[in-house]
Amino acid sequence: MQTGNYSINEPSMSKLFDNLAEKGKTMYAPKNRGERILFQKVEKFGEIAGDYLLTANSAKEVVFPRYEKVFSYKKTQDGILINDPTGNPFPEVVLWGSRPCDAAAFIPMTNTFEKDYIDNLYVKRRKNLLVLSFSCNTCDEFCFCTSVNGGPGNTAGSDILFTRLQTGDFLAEIITEKGKKVVEENSSLFEASTAEGKEQSLAKVEPRFNQDEIQAKLQELFENPLWAEKSRACLGCGTCAYICPVCSCFDIQDEAHGSQGTRLRCWDSCGFSLFTLHTSGHNPRPDQGTRWRQRILHKFRYMPDKSKIAGCVGCGRCSRSCPAGINILDTVTAL
Amino acid sequence: MNELIKKAASLLEANEVQVVIGYGLGSAKRPQAIFVTTPAGCEQLMFDNRCIQNLAVYLTKQEIRKLGKPAIVAPLPVLRSIVQLVAEQQLTEGDLVVLGIDPDGKLLEFSSFKAIESFLSDHKIVIEEKYLKKIEEIKNMPVGERFAYWVELLEPCFKCYACRAACPLCYCTRCTIENNQPQWIPVASHLQGNLEWHVMRAMHLAGRCTDCEACYHACPLGIPIHLLNKSLIQDLSESFGDYGPKISEPNMLSSFDPDDKESFIR
């Protein structure tokens, strides 16, 4: 659904931010923090980082926090009281400054949390989320969105996609009803326009592989020396999974204090040695090679087999940040 | 570099080692760990100042141990880690061949671990001036401000454990964080969990850390967690003098002497 194109200039952009923030919405945007630019809460437009390709962390925290209360419990004389947080109001969140790959990641993420099992925590957060993305006018050697059905100007997952045009103004493509509402409520900031000039303003991201071919090849490669070979340098940390905008494995943890406690779901990673470790001590994925295989298969075979959507948006964060320099493209293109 | 390549190739040729752990250029043209198993493959070996990953971390990994006896390319930080691993009985003489790289980039050969220890006595761990200043500044903060400083630094941590995974001295197969009966440290990456994790890790490395900075380089969020380790190194240097990995002397913090000048020990 595409509901129109508008243009908006830089001062109006700042005004738009203020208007949304004034409505009490929680604003998430790329902001400098120490040595990196991270998606985090921002109060003022001026705090937003000006020059970034991608944030170091992904934006998934706005719908899938790194730890989240599933429920809390308390033993009383009348029995056990359970407090279910899904009954509470969830904050209205604006994700400002996401890239098309960040936004596209909400599609497989929603598939995970809203398809077979309806996860109310996710549903409520996603429902309250407004995604205002910005097209990419630069890319680097780790970017491969165009190989996984994305692109530097891809609109999927965004409510509005802004593209900085060569004129200095922004093209605003309205993608959803939520996006339309933003324009209606701030109509003085937007002017009707065409999408002219968009293509010339986008980065050129060369395709690196064909996703369908990869999916087909992966039907056969379960037992292959390639997995151990390509993951040899793997240190077994969770960086790739934690900065991935699509990875959504979690671990259930109880924090108990006497007769009360909280059940939390915390991010998990297939890179960890405890991942899928059975109580018996057996682990079907006993080494980094089998864990790396799981990562690749989950993204490029299991998810597309099941829902026709890959579990990778080609942002390249995993390769950029891997402490051992492992590049996911090296594995995918070697299949 | 030719010297290193030649030496590595000859070790593989003679089957003295089955794998060479070294640095090579990855597809994105940045140096990364490579594991060479053929003499011809040694052509890929390289070394320059971008090679900052501490390769000693691979010496205790099951996946790498399976490849057979290793030779390892070892600039100063790797040499220090090796000596510490030896001191902690994680490596024994004959387990590996060390292809040392001196600070000028020249190949070093060692006849024994003792020889590495003695080489390191001329290359002591010295905390850089900029870090000493930073540590001093933090220590001089009023307590509330100091706490706020650490909160600001550690709050973004999402506990991917890259710091632990990249550290050659974090070789426990089951870390205390993975024990949940009882749960010593909260698993969740909330503020309390993050503070406890990083303080615990720093304390576990106190007197052992060789200041390689691998934890800091590994952190995907760029958190300077090594400040904690550096501060402890500085404290220990001030209290005990000569800080650094040693085979011939007991560990600074996990040994004691009844004749110690401090009276509290008796």
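This is a predicted model: local features need pLDDT of at least 70, side-chain atom pairs count only at pLDDT 80 or more; totals for chains, interfaces and linings use all residues.
Chain A has 335 residues and chain B has 266. Between them, 31 residues of chain B are in contact with 37 residues of chain A.

**Chain A overall**

- You'll find eleven helices and twelve strands in chain A.
- Its C-alpha trace spans about 65 × 60 × 40 Å along the principal axes.
- A compact globule of 335 residues would have a radius of gyration near 20 Å, and chain A comes in at 21 Å, so the two agree.
- Buried residues account for 45% of chain A.
- Of the contacts in chain A with a separation of 6 or more, 71% link residues 24 or more positions apart.

**Chain B overall**

- Chain B carries ten helices and five strands.
- Taken along the principal axes, the C-alpha atoms of chain B fill a box of roughly 60 × 50 × 40 Å.
- For 266 residues the compact-globule expectation is a radius of gyration near 18 Å; chain B has 20 Å, which agrees.
- In chain B, 39% of the residues are buried.
- Looking at chain B contacts between residues at least 6 apart in sequence, 66% join residues at least 24 apart.

**Where chain B meets chain A**

- On the chain B side, strand 2 (31-36), helix 2 (62-65), helix 7 (162-166) and helix 9 (214-218) each supply at least two of the residues that touch chain A.
- By class, that side of chain B splits into 19 nonpolar, nine polar and three charged residues.

**A closer look at B:Ser27**

- B:Ser27 sits in the loop between strand 1 (19-25) and strand 2 of chain B.
- Setting aside neighbours within four places in sequence, B:Ser27 is in contact with A:Asn327, A:Leu329 and A:Asp330.
- B:Asn140 is 113 residues from B:Ser27 along the chain, and their C-alpha atoms are separated by 46 Å.

**Helix 3 against helix 4 in chain B**

- The axes of helix 3 (residues 76-87) and helix 4 (residues 113-120) of chain B come within 10 Å and cross at roughly 130°.
- The crossing of helix 3 and helix 4 of chain B is left-handed.
- Helix 3 of chain B brings B:Leu79, B:Arg80, B:Ile82, B:Val83 and B:Val86 to the contact, while helix 4 of chain B brings B:Phe113, B:Ile116, B:Glu117 and B:Leu120.
- Sorted by class, this contact between helix 3 and helix 4 of chain B has seven nonpolar, no polar and two charged residues.

**Helix 5 against helix 10 in chain B**

- Helix 5 (residues 129-139) and helix 10 (residues 226-240) of chain B pack at an angle of about 90°, with their axes 10 Å apart.
- Helix 5 and helix 10 of chain B are therefore roughly perpendicular to each other.
- From helix 5 of chain B the contact uses B:Tyr131, B:Leu132, B:Lys134 and B:Ile135; from helix 10 of chain B it uses B:Leu227, B:Lys230, B:Ser231 and B:Gln234.
- The class count for helix 5 with helix 10 of chain B is four nonpolar, two polar and two charged residues.

Note on methods: Residues are numbered from 1 along each chain as its sequence is written. Chains are lettered from A and ligands numbered from 1 in the order in which they are written. Axes are lines fitted to C-alpha atoms, for helices over the stretch in contact, and angles run from 0 to 180 degrees between N-to-C directions. Helices (H or I, at least four residues) and strands (E, at least two) are DSSP runs, numbered from the N terminus. A crossing is left-handed if the near helix is turned anticlockwise from the far one by less than a right angle, and right-handed if clockwise. Two residues are in contact if their C-beta atoms, placed from the backbone, lie within 7 Å. Ala, Val, Leu, Ile, Met, Phe, Trp, Tyr, Cys and Pro count as nonpolar, Asp, Glu, Lys and Arg as charged, and the others, Gly among them, as polar. The radius of gyration is taken over C-alpha atoms; the globule rule is 2.2 Å times the number of residues to the power 0.38. A residue is buried if 20 or more other C-beta atoms lie within 10 Å of its own, exposed if 12 or fewer, and partly exposed in between; C-beta atoms are placed from the backbone. Angles under 35 degrees count as roughly parallel, over 145 as roughly antiparallel, 65 to 115 as roughly perpendicular and the rest as oblique.
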